[in-house]
Amino acid sequence: MAKADNMLSILWLLRSGRKMTARQLAESLEVHVRTIYRCIDSLCASGVPILADSGPNGGYRILDSFSESPLFFDPDEQRALVQASVFAREAGYPYSTDLVHALDKLMRYATDEQRSRLARHADGLEVVHSPTGPLEQEALRVLEKAAASGETVIMDYDKGHVESGSITGSSTGSSRREFDPYGIVHWKGAWYTVGFCRLRGELRSFRADRIRSVESGSLRFEKPEGFSAKEYLLSSLMPGALEKEPLVDVVLEGAPLALGELCRHWLFGHSVAERLPERLHLRLGGDSLQTFVPYFLLPYGRSLTIIEPASLIERMVQVSSEAAAHYTDMLKRHSISTKGRLKP
């Protein structure tokens, strides 16, 4: 263990409030007692207020005032770190292993009471999230490092879904491109990377779970000053995104609970023009009314009534009919298959 790590470990041990001898510190850190003496001398020289008490009950201790140093965390801050780690790990944070190691250090130098308390806080908070595979996590690590260092990457991307968040489209294979990652964004249970696509010559966003491979390239880039990957991703998905389509008035009536759920939806929540107890006025992109909006509204069934526009009602009829035909055909094929298996 490096000297700096030994010094930090000694600080954590003494910060717990225990008085410890050089021998006890050496046994805890599995180093020679002379190493402890040298580290203590270095800590004192750097201004850390370590006191040495002599006698049978003697040992090293640290002044209480030093426990408030920004280097350490109070109980509420420790709880926040532990619970934040739960969110991060479940969301597929690309440096989860390092996060676990950091928390192990926090636990290692805590008292038994502190460890028990932190464990209770960690067990009291759970997160339901789709798992992130090792390939995606490795891609996120490469992209995050490239974004921080301004390094272009070479990326193979599966074009099964259109870039920038479209939920429709058929598989067209993968494409290889040079990409300047400006940042990574976690949104709606998925990871995205946003930056400049040198293949298309424009800003693009890509889902990390569709990246088949990514590696460092030889080119460099400068991130535009003030650019926000999160704001770009959201603006590209909002109604009238990038001023590419006009907005259309959509008026819905329904139960307050159903309308409230709509207002919490990522798209509809940003489109509210007026909200009444049983009436909701939205302003949505015209193209979206023919693509994904009907599929978002379909699960609400008869709890919603579309007042306008008529074009959305027509599209809902079409989508519902297609869905009904699909499942009717599925049921017929299932019945035929079942009858075939029952024949003697």
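Which residues of the largest nonpolar core touch the most other members? I looked this up first, in what is a predicted model: local features need pLDDT of at least 70, side-chain atom pairs count only at pLDDT 80 or more, and totals for chains, interfaces and linings use all residues. Residues are numbered from 1 along each chain as its sequence is written, and side-chain values use heavy atoms, leaving out hydrogens and water.

**Entry: the cores.** I noted that a nonpolar core is a set of buried Ala, Val, Leu, Ile, Met, Phe, Trp, Tyr and Cys residues joined through side-chain atoms within 4.5 Å. Buried means under 20% relative accessible area (1.4 Å probe, protein chains only). The largest core has 31 residues, and Leu252, Leu262, Phe268, Leu284, Val293, Leu297 and Leu312 touch the most other members. Helix α8 (residues 229-237) gives the most to this core, with 4 residues; helices are DSSP runs (H or I, at least four residues) and strands are E runs of at least two, numbered from the N terminus. Apart from this core lies another, of 19 residues, including Ile10 and Met20.

**Entry: the sheet.** I then found an open sheet of 4 strands in the order β9-β10-β8-β11, with antiparallel pairing. Two strands pair if DSSP finds at least two bridges between them. At the edges are β9 (272-276) and β11 (304-308), each pairing on one side only. I saw that 4 bridges join β8 (residues 247-254) to β11, and that Glu253 has Thr305 in β11 as its bridge partner.

Notes: Buried means under 20% relative accessible area, exposed over 50%, partly exposed in between (1.4 Å probe, protein chains only).
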